Amino acid sequence: MRAIIRCILLAGLGLALGGCALTGGWREPDLPPPGKGTVVETARALIGVPYHTAGESPRTGFDCSGFVQWVYARHGIRLPRRTDDQVRSGRPVAKADLRPGDLVFFMPSPKSGDLHVGIFDGRGGFIHSPSPGGRVREESLFAPYWRASYYGANRVLSP
């Protein structure tokens with residue numbers, strides 16, 4: 001009987017530890033309640049969430065447009081799901097006039113024509129879900145890669 005109990009306990013321990021290995025130590029973020037705080041605060045709370053192709057939830061991970069759509073939805077603002085549609089949301093804003101929460105767009109590869117989107121942080125950077133293998137993070141608009149691929153920005157929040 002002791003041997004059976006020991007096997008069950010070891011199996012349970014193995015499953016519990018195996019689950020940690022699968023998540024890579026990531027835990028779900030502590031988020032402000034919907035509609036509380038700012039868009040930038042909500043985006044920052046998601047730093048560390050894994051990238052997931054076609055992802056649109058902090059539980060499963062985000063791609064870039066799913067991240068932006070989810071953050072804005074927490075503040076009662078509906079945005080389209082695809083980056084190509086998000087670039088037509090709101091009104092264009094000059095880079096020099098960016099405000100916290102503005103959407104910033106990049107075209108990393110002009111050959112593909114694919115766009116990437118993030119949320120301007122108000123301090124010269126942006127928060128985004130970068131690419132497979134990455135995690136939501138904050139980066140500088142002035143980094144050479146992002147400066148070279150900057151495409152434009154839109155304001156979807158009221159001034």
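This is a predicted model: local features need pLDDT of at least 70, side-chain atom pairs count only at pLDDT 80 or more; totals for chains, interfaces and linings use all residues.
Guide: A helix here is a DSSP run of H or I with at least four residues. Ser 65 lies in one such run, helix α3.

Visitor: What makes α3 count as a helix?

Guide: The run covers residues 64-73, which is ten residues. The rule asks for at least four, so α3 qualifies.

Visitor: Why is Ser 65 called buried?

Guide: Its relative accessibility is 5%. Buried means under 20%, so Ser 65 counts as buried.

Visitor: Which residues does Ser 65 contact, leaving aside neighbours within four places in sequence?

Guide: They are Arg 81, Arg 82, Thr 83, Gln 86 and Val 117. For each, heavy atoms come within 4.5 Å, so the word contact applies.

Visitor: How do you know that α3 is mostly covered?

Guide: Nine of its ten residues are buried. Among them are Cys 64, Gly 66, Gln 69 and Trp 70.

Visitor: What makes β4 and β5 a pair?

Guide: Four bridges join them, and they run antiparallel. A pair needs at least two bridges, so β4 and β5 pass. Leu 103 stands opposite Ile 119 in β5.

Visitor: And what makes β5 and β6 a pair?

Guide: They share two bridges, again in the antiparallel sense. At least two are required, so this counts too. Here Ile 119 has Ile 127 of β6 as its bridge partner. The two strands form a hairpin with four residues between them. Gly 122, in the turn, has a positive phi of about 85°.

Visitor: How many strands does the sheet have, and in what order?

Guide: Six, in the order β3-β8-β4-β5-β6-β7. The sheet is open, with antiparallel pairing.

Visitor: Why are β3 and β7 called edge strands?

Guide: Each pairs on one side only. β3 spans 91-92 and β7 spans 137-140.

Visitor: How do you know that β5 is mostly covered?

Guide: Five of its five residues are buried. Each is under 20% relative accessible area, so each meets the cut-off.

Visitor: What makes a set of residues a nonpolar core?

Guide: Its members are buried residues of the nonpolar kinds, joined through side-chain atoms within 4.5 Å. The largest one here has 22 residues. Phe 67, Val 68, Leu 103 and Ile 119 are among those with the most contacts inside it. α2, α3, β4 and β5 each supply at least two of its residues. α3 gives the most, with six.

Methods:
Residues are numbered from 1 along each chain as its sequence is written. Side-chain values use heavy atoms; hydrogens and water are left out. Buried means under 20% relative accessible area, exposed over 50%, partly exposed in between (1.4 Å probe, protein chains only).
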